[in-house]
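Here is a set of questions and answers for a reader who is new to this structure.

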Amino acid sequence: MKLRLASALLVTAALLATGATAQDKKQLAFVVNGASDFWKLAEAGVKKAQGELPNYELSLKYPEQAAAAVQQRLMEDLVAGGVSAIMVSAVDPKSSTDSLNKIGSQVPLFTTDSDAPDTNRIAYIGSSNTDAGKQAGEIALKALPEGGKCIGFVGLPGADNARERIEGMKSVIAGSKVELIDVRGDDIDMTRAKRNVEDALAANPDIDCMVGFYSYNPPRIYEVLKESGKLGQVTVIAFDEDPITLGGVREGTIAGTVVQDPYEWGYQGMKLMAKYLEGDKSVVPENKLIIVPTKMIDKANVDAFEAELKSRISGG
């Protein structure tokens with residue numbers, strides 16, 4: 001009887017110890033701005049970081065809708081659940097300063113993809129969206145040597161990443177014969193994104209160029225142009241690495257795409273937050289910006305780039 005009692009106590013103690021260990025793990029959350037395949041690479045980066053941070057519990061969270069209020073509620077729920085730090089791609093930083101500051105006053109807050117520099121965020125890790133926009137402008141100038149009129153499409157016009165890409169592109173094509181005459185937003189609604197392209201094409205049948213500023217915009221442009229028989233007739237400039245986009249670059253129906261590195265945002269961002277929580281403030285540069293470079297993908301390097309993507313997603 002005493003032996004059984006001792007064994008039971010040992011089992012109970014082991015279970016309590018296991019539970020305590022699980023509870024002791026600090027939670028780090030990456031909150032994205034909406035449902036998109038673009039974030040699969042970030043998930044892979046977070047997964048890699050998890051393997052190197054066994055004392056932390058890492059997660060990537062999608063808001064139910066690409067709306068600032070919905071994203072805010074998600075972060076508030078995470079804080080209430082005991083999360084230790086959050087990295088967020090802010091849906092609309094301009095109108096969310098107070099809301100983001102509220103989160104940042106409760107847990108260390110970092111931004112990625114779309115910065116919120118006017119808040120109390122600790123640091124931004126991601127692309128220079130202005131530089132990415134400039135690269136799109138370079139693609140446009142090369143693809144349209146005689147000039148042309150372009151219409152752009154984007155998810156969240158109020159987000160810093162959208163605004164900076166558009167401004168970056170405009171700064172490069174300024175003074176040339178290439179013009180960006182309009183940019184249409186869709187709030188990360190795939191149906192609306194496609195309809196925007198259809199409407200723009202109907203209103204501007206002789207348009208020379210279309211620019212997809214968010215990852216899912218170029219595929220919608222591709223689909224509409226293919227359905228209308230204008231694929232290859234309208235120059236397409238893209239952002240990011242959707243499979244349809246890369247296929248279009250490979251076949252020459254998309255002039256080129258500017259790619260970011262969300263894998264590194266997920267990987268480096270989680271390690272950055274862990275080090276910060278451990279007291280290492282040296283990981284935050286003086287300007288609070290950690291820039292992961294973007295690059296241009298065209299026919300010459302698309303195969304090598306896609307092979308690298310597949311390797312990262314598969315964990316290779």
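Predicted model: local features only at pLDDT ≥ 70, side-chain atom pairs only at ≥ 80, totals over all residues.

Q: Which residues of helix 2 are buried?
A: A residue counts as buried when its relative accessible area is under 20%. In helix 2 the buried residues are Leu-41, Ala-42, Ala-44, Gly-45, Val-46 and Ala-49.

Q: How many Å apart are the end C-alpha atoms of helix 2, where 18 Å should be spanned?
A: Helix 2 covers residues 40-52, which is 13 residues. At 1.5 Å a residue they should span 18 Å. The model agrees with this, since the end C-alpha atoms are apart by 19 Å.

Q: How many salt bridges does a search of the whole structure find?
A: A pair counts when a side-chain nitrogen of Lys or Arg is within 4 Å of a carboxyl oxygen of Asp or Glu. Searching the whole structure for salt bridges gives a total of 19.

Q: Is Asp-37 buried or exposed?
A: Asp-37 forms a salt bridge with Lys-40, and their closest N and O atoms are 3.8 Å apart. Lys-40 has 46% relative accessibility and counts as partly exposed. Exposed means over 50%. Asp-37 has 52% relative accessibility, so Asp-37 counts as exposed.

Q: Where in the chain is Asp-113, which pairs with Arg-165?
A: The side chains of Arg-165 and Asp-113 meet in a salt bridge, with N to O at 3.8 Å. The pair links distant parts of the chain, 52 residues apart. Arg-165 is in helix 6 (residues 160-173), while Asp-113 is in the loop between strand 4 (109-112) and strand 5 (124-126).

Q: Is Arg-165 buried or exposed?
A: The limit for buried is under 20% relative accessible area. Arg-165 has a relative accessible area of 2%, so Arg-165 is buried.

Q: Which strand holds Glu-179, the partner of Lys-149?
A: Lys-149 and Glu-179 form a salt bridge whose closest N and O atoms are 2.8 Å apart. The two residues are 30 residues apart and link distant parts of the chain. Lys-149 is in strand 6 (residues 148-154), and Glu-179 is in strand 7 (residues 178-185).

Q: What is the relative accessible area of Glu-179?
A: Lys-149 is partly exposed, at 39% relative accessibility. Glu-179 is also partly exposed, with a relative accessible area of 38%.

Key: Residues numbered from 1 in each chain as written. Heavy atoms only, no water. Buried < 20%, exposed > 50% of the residue type's maximum accessible area, 1.4 Å probe, protein only. Helix = DSSP H or I, 4+ residues; strand = E, 2+ residues; numbered from the N terminus. Expected span 1.5 Å × (residues − 1).
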